[in-house]
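Please work through the exercises below with the sequence and the coordinates open beside you. Each task is followed by a solution that goes step by step.

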Amino acid sequence: MAAPGENLRINPDRLWDTLMEMAKIGPGVAGGNNRQTLTDADSEGRHLFAGWCAKAGLKMGVDSMGNMFARREGTDPDALPVYVGSHLDTQPTGGKYDGVLGVLGGLEVIRSLNDLNIRTKHPIVVTNWTNEEGTRFAPAMLASGVFAGEHTEDWAKARTDADGKTFGDELRRVGWEGDERVGTRKMHAFFELHIEQGPILEAEGKQIGVVTHGQGLWWLQVTLTGKDAHTGSTPMNIRVNAGLGMARITEAVHRIAMDHQPDAVGAVGQANVYPNSRNVIPGKAVFTIDFRSPDLGKLTSMREKLEAEAAEIAADLGLGIEIEPVGHFDPVTFDEGCVTAVRDAAERLGYSHMNIVSGAGHDACWMNRLFPTAMVMCPCVDGLSHNEAEEISKEWAAAGADVLFHAVVETAGIVS
């Protein structure tokens with residue numbers, strides 16, 4: 001395929017204005033966003049995105065998991081589409097760019113093609129994947145996982161949030177359950193633009209991260225069962241304290257990850273104790289462990305060691321224990337051809353760049369199981385993400401979207 005000329009760029013002001021307009025929906029309490037999946041705010045954001053797509057002349061499709069696909073036709077009706085996108089849902093205390101940049105950067109690719117009156121051989125489809133974050137309904141990348149055949153649709157729709165509401169019921173409530181069967185679409189390639197969510201690009205002074213690999217992940221939900229008891233009148237030697245068990249396992253998670261250095265991380269993120277009263281010894285604790293590594297051997301070892309140590313801790317304290325895997329994917333190696341398209345685009349445009357491993361999971365990780373896939377990353381200030389203080393510059397956003405534009409258009413094929 002012929003490469004686009006280096007003078008072809010997206011409209012940086014329009015991209016930034018679009019990001020800021022979306023950020024008005026589901027505002028957080030400290031400058032970021034709380035637009036969790038399948039909430040009223042998520043639905044409002046979807047409607048805004050759909051309206052922009054319609055104005056750009058795109059045809060919208062929605063599948064039965066709520067995934068949105070906005071299509072710009074190519075000149076060859078038989079050519080498989082090039083897909084681009086990410087997600088619009090956020091963490092409860094999320095930033096304005098995580099995921100959103102990838103969706104709206106994809107929209108900006110289409111708008112720029114329209115401005116320049118450029119036609120492509122392959123259609124281009126801008127995608128918003130449902131429930132990438134996995135905060136409200138575990139696991140993360142839920143709907144793209146169903147699309148990729150990693151989860152069944154029935155299982156996914158039965159997932160519940162903290163209030164006992166199911167994914168399927170909430171999807172229908174907000175009106176975004178489409179009639180298209182999930183997973184039937186075929187792709188020529190998939191590209192995802194994302195902020196790094198780490199400090200490497202900024203520290204190295206690079207404008208673009210060429211993502212070659214992605215870390216594997218295990219999410220393990222641990223349930224400890226002890227006995228509720230009065231904190232003031234229950235002797236220390238007869239307590240069955242689920243909170244104490246959670247504390248000891250939390251320390252074990254950190255130590256196990258440190259023992260597997262380099263290239264391994266682990267932490268307890270989501271944690272709840274019950275009955276969660278200041279004068280009651282917790283009789284139950286439920287918490288989630290997050291292990292990640294680009295090395296499959298290390299990832300497997302961390303899980304095995306944690307499960308063995310957690311069982312010993314529970315037995316020592318007289319606690320019942322259940323460990324349920326609630327999220328997993330193996331380390332990812334992205335498609336060499338698509339990665340080269342990203343790298344070549346950065347070089348053609350004169351942007352400084354480096355190879356990078358994604359520390360976070362992304363919908364692209366599932367798409368890579370099925371179709372040629374690559375990711376583009378731009379820096380974020382101090383590497384901060386999943387935080388309302390998450391920040392990027394207009395220039396970083398523009399550079400990432402320019403590289404995305406060139407990689408997508410080269411892959412889709414310019415028609416002269």
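The exercises that follow treat model confidence, an annotated site and the cysteines.

This is a predicted model, in which local features need pLDDT of at least 70 and side-chain atom pairs count only at pLDDT 80 or more, while totals for chains, interfaces and linings use all residues. Residues are numbered from 1 along each chain as its sequence is written, and side-chain values use heavy atoms, with hydrogens and water left out.

**Exercise 1.** Determine which elements have the lowest and the highest mean pLDDT.

*Solution.* Begin with the protein as a whole, which averages a pLDDT (the predictor's confidence in each residue, from 0 to 100) of 97, with 100% of the residues scoring at least 70. Next, turn to the elements, where helices (H or I, at least four residues) and strands (E, at least two) are DSSP runs numbered from the N terminus. The lowest mean, 93, belongs to strand E13 (residues 320–329), and the highest, 99, to strand E2 (residues 68–72).

**Exercise 2.** Describe the surroundings of His87 and Asp98.

*Solution.* First, locate them: His87 is found in the loop between strand E3 (82–86) and helix H3 (100–116), and Asp98 lies in the loop between E3 and H3. Second, consider accessibility, where buried means under 20% relative accessible area, exposed over 50% and partly exposed in between (1.4 Å probe, protein chains only): His87 is buried at 0%, and Asp98 is buried at 5%. Third, list contacts (heavy atoms within 4.5 Å), leaving aside neighbours within four places in sequence: those of His87 include Asp98, His194 and Asp363, whereas those of Asp98 include His87, His194 and Glu390.

**Exercise 3.** How many disulfides does the structure hold?

*Solution.* With a disulfide taken as a pair of cysteine sulfur atoms within 2.5 Å, the structure holds zero. The sulfur of Cys365 is 14 Å from the closest cysteine sulfur, in Cys338, which is too far for a bond. Cys378 is likewise in no disulfide, the nearest cysteine sulfur, that of Cys380, being 7.4 Å away.
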